[in-house]
Amino acid sequence: MIILGIETSCDETAVAVLDIENGKKIFPKTKILSSLIASQHDIHGPYGGIFPELASRRHIEVIRPMVEDALKEAKVSSEKLAGIAVTNSPGLVGALLVGLSFAKSYAMGLGIPFIGVNHLEGHLNAPLLAHDKIPYPHLGLIVSGGHTALYLVKKFGEYRYLGGTRDDAAGEAFDKVAKLLNLGYPGGPIVDKRAKEGDVKSIKFPKPKLPSYEFSFSGLKTFTRQLIEKNTQTTENICASFQESVVDILVEKTIAAAKAYRCPSIVLTGGVACNSRLRTKMTEAAIKAKKKAYIAPPVYCTDNAAMIGYVGGRYLLQGQSSPLTLNAVANVSFTNMAQTN
Ligand code: KG4
Ligand code: ZN
């Protein structure tokens, strides 16, 4: 079944074409025929964060040509599409509406179903784009610019929220620390790079004391600001020690949850899952705990439409679809959705 995936929840316009094996298998064979991502970092960079109205306008400009390019690259004509999957929550409502409205009208024109997908469910399933099988139940950690949360994934479509951040998301903390250090936007990849030249033991960051699966990163950001004011450390040392403390917190809590819920597999996903130190330390800690960490290649960790096409495609295969009245919702929490499951 050929599925078109569309993602416009934030500052990336992404379109993908997937071929998902028909049938009721636990892990249906999936081929990514094309996956295009147009990042908007050039327009938001000068603001040091995302400017919502500019994000929506850029999505409008590029969505149609990107769909055409994605179909061309996949060597698929629009008549071959069986359905369209599109992110409808959470995210910037204006940005979401661009993808959702496009998907609805395109589906209507072609006479095919469309389905709204939760962005976080997309991230949680993204590692399946790179791994044929990830045994259930598994423990999923989403670390992105907007979210930091742990889920028990019982099977496809069944998720239990275990805990998340009380304040900043991990990616947000990376971005804010980079901004304090005048390193540019988005900060995560730059901090990752500069940290390689620094000493992880040079500065001891405070460790927030929180219940089992809860996180807090705003204290690390405040501590960094004070460090910069003192002006006694190099940028590289600050990046290395800050990154190390975030990584250690994420790894420690994830491994503890995997042990508590007897999950042999761990899934690490979201933009911060690109972080080189986090990938290494999570993989090593998983092996030590006799578990296996599944991490997608960086291109499927950050926002992409293949993960949306995959999740929506699987629901479409089960006979589900969305009505044309489906709305974009800025902050439908996947926490609540998961808890009612
Ligand atoms: O998943 P994503 O593309 O978008 C959201 O859904 O938020 O994540 C973007 C976040 C940004 O905060 C970015 O700084 C962070 O992921 N990020 C990284 C790295 N690459 C991207 N953080 C740390 N290290 C990286 N290498
Ligand atoms: Zn995301």
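Me: What makes the approach of ligand 1 to Gly145 a polar contact?
Reply: In this predicted model, an oxygen atom of ligand 1 is 2.8 Å from a polar backbone atom of Gly145, and because a polar contact is a pair of N or O atoms within 3.5 Å, the pair qualifies. A backbone N or O atom of Gly188, 3.1 Å from an oxygen atom of ligand 1, meets the cut-off too, as does a polar side-chain atom of His123, which lies 3.3 Å from an oxygen atom of the ligand. Taken alone, ligand 1 exposes 560 Å², of which the protein buries 89%.

Me: Which residues come nearest to ligand 1?
Reply: Of the 20 residues around ligand 1, the nearest are Gly145, Asp175, Asp192, Gly271 and Asn275.

Me: How do you know which residues are the protein donors of the zinc ion (ligand 2)?
Reply: His119 (NE2), His123 (NE2) and Asp303 (OD) lie 2.0 to 2.1 Å from the zinc ion, and since donors are N, O and S atoms within 2.8 Å of the metal, these atoms count as donors. In sequence the donor residues follow the spacing H-x3-H-x179-D. His119 and His123 both lie in helix H4 (residues 119-125), four residues apart, which is about one turn of the helix, and both are buried.

Me: What makes strand S1 (residues 2-7) mostly covered?
Reply: Six of the six residues of S1 are buried, which means that each has under 20% relative accessible area. In a regular strand the side chains alternate between the two faces of the sheet. In S1, Ile2, Leu4 and Ile6 lie on one side and Ile3, Gly5 and Glu7 on the other, and all of them are buried.

Me: How do you know that S1 pairs with S2 and with S4?
Reply: Six bridges join S1 to strand S2 (residues 12-20), with the two running antiparallel, while four bridges join S1 to strand S4 (residues 83-89), with the two running parallel; because at least two bridges are needed for strands to pair, both cases pass. Leu4 stands opposite Val17 in S2 and opposite Ile84 in S4, and S1 and S2 form a hairpin with four residues between them.

Key:
Residues numbered from 1 in each chain as written. Chains lettered and ligands numbered in written order. Predicted model: local features only at pLDDT ≥ 70, side-chain atom pairs only at ≥ 80, totals over all residues. Heavy atoms only, no water. Donors = N, O, S within 2.8 Å, 3.2 Å for Na, K, Ca; no water. Buried < 20%, exposed > 50% of the residue type's maximum accessible area, 1.4 Å probe, protein only. Near = heavy atom within 4 Å. Polar contact = N/O pair within 3.5 Å; in protein donor to acceptor, adjacent residues only side chain to side chain. Areas by Shrake-Rupley, 256 points an atom, 1.4 Å probe, with all protein chains shown as cover.
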